[in-house]
Amino acid sequence: MKNKLSLPSLVALSLVTAACSTSPVEYKYVGSGRELIKNADGHVVGQKEMLRNAETGDQYEHVTYFTPRRDAAGKVVGYEEPQPPGVVVRDLQGKRIGVRYSDLRSRGTNPRNDGVTVIVNPAKTE
């Protein structure tokens, strides 16, 4: 009976020890950081980052493509870059012009809601 009780505790202890012993992989930027990806129209549609594993020295290419944002007529007016808290809204040249946050509180009453979008238009100089 004593062996049956110690086996689950031994398994649990080994799992906890294994989880604590693994360290997260640390990546460093290589070169100038981000490189913009443009389509045939000259719109910035994504970005490419070169990352290097600090322990092994292996290099990885991380590519992020943006989602087109369209107006009511269907014309592309900007792009959305996914980020953990929401989305960064960019203009056609890749400049950050706003953000969109997903609000989970209203999902029950409005399930197709994309969240709150805040777009800041720069003041026009004459």
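I take two strands as paired if DSSP finds at least two bridges between them, and strands themselves as DSSP runs of E with at least two residues, helices as runs of H or I with at least four residues, both numbered from the N terminus.

**Entry 1: ground rules.** I am working on a predicted model, in which local features need pLDDT of at least 70 and side-chain atom pairs count only at pLDDT 80 or more, while totals for chains, interfaces and linings use all residues. Residues are numbered from 1 along each chain as its sequence is written, and side-chain values use heavy atoms, with hydrogens and water left out.

**Entry 2: the chain as a whole.** I looked up the elements of the protein chain and noted one helix and eight strands, in the order α-β-β-β-β-β-β-β-β from the N terminus on. Of its 126 residues, 24% count as buried, where buried means under 20% relative accessible area, exposed over 50%, and partly exposed in between, with a 1.4 Å probe and protein chains only. The chain exposes about 10,000 Å², of which carbon and sulfur atoms supply 56%; this area comes from the Shrake-Rupley method with a 1.4 Å probe. I then took contact as heavy atoms within 4.5 Å, and found that residues 24 or more positions apart account for 18% of the contacts with a separation of 6 or more.

Entry 3: I followed an open sheet of three strands in the order 1-2-3, with antiparallel pairing. Strand 1 and strand 3 stand at its edges, and because each has a single partner strand, one side of each is left without a neighbour in the sheet. The twist averages 20° from one strand to the next, with axes taken as lines fitted to C-alpha atoms and angles running from 0 to 180 degrees between N-to-C directions.

Strand 1 (residues 27-38) is joined to strand 2 by eight bridges, and here I found Leu-36 opposite Gln-47. These two strands form a hairpin with five residues between them, and Gly-42 in the turn has a positive phi of about 90°. On strand 2 and strand 3 (residues 59-65) I counted seven bridges, again antiparallel, with Gly-46 opposite Tyr-65 and Glu-49 partnered by His-62. Their hairpin also has five residues between the strands, and there Gly-57 takes a positive phi near 85°.

Entry 4: Is Gln-47 buried or exposed? I recorded Gln-47 as buried, because its relative accessibility is 5%. Its side chain makes a polar contact of 3.1 Å with the side chain of Glu-81, a polar contact being a pair of N or O atoms within 3.5 Å; within protein, one must be able to donate a hydrogen and the other to accept it, and residues adjacent in sequence count only if both atoms are side-chain atoms. Leaving aside residues up to four places away in sequence, Gln-47 touches, among others, Arg-34, Leu-36, Ile-37, His-62 and Phe-66.

Asn-53 lies in strand 2 (residues 44-53) and counts as buried at 8% relative accessibility. A polar atom of the Asn-53 side chain lies 3.0 Å from the backbone nitrogen of Glu-55.

**Entry 5: the nonpolar core.** Which residues make up the largest nonpolar core? I listed six: Ile-37, Val-44, Val-45, Phe-66, Val-76 and Tyr-79, with strand 2 and strand 5 each supplying at least two residues of this core. By nonpolar core I mean a set of buried Ala, Val, Leu, Ile, Met, Phe, Trp, Tyr and Cys residues joined through side-chain atoms within 4.5 Å. In soluble globular proteins, nonpolar side chains tend to be buried together.

For Phe-66, not counting residues up to four places away in sequence, I noted contacts including Val-44, Val-45, Gly-46, Gln-47, Tyr-79 and Arg-90. Tyr-79 sits in strand 5 (residues 76-83) and is buried, with a relative accessible area of 5%. Its side chain also joins that of His-43 through a polar contact of 3.3 Å. Tyr-79 and Lys-95, 16 residues apart in sequence, are 9.8 Å apart in space, C-alpha to C-alpha.

**Entry 6: Val-89.** Last, I looked up Val-89, which has its place in strand 6 (residues 86-90) and is buried, with a relative accessible area of 1%. The C-alpha atoms of Val-89 and Gly-78 are separated by 7.0 Å, with the two residues eleven apart along the chain.
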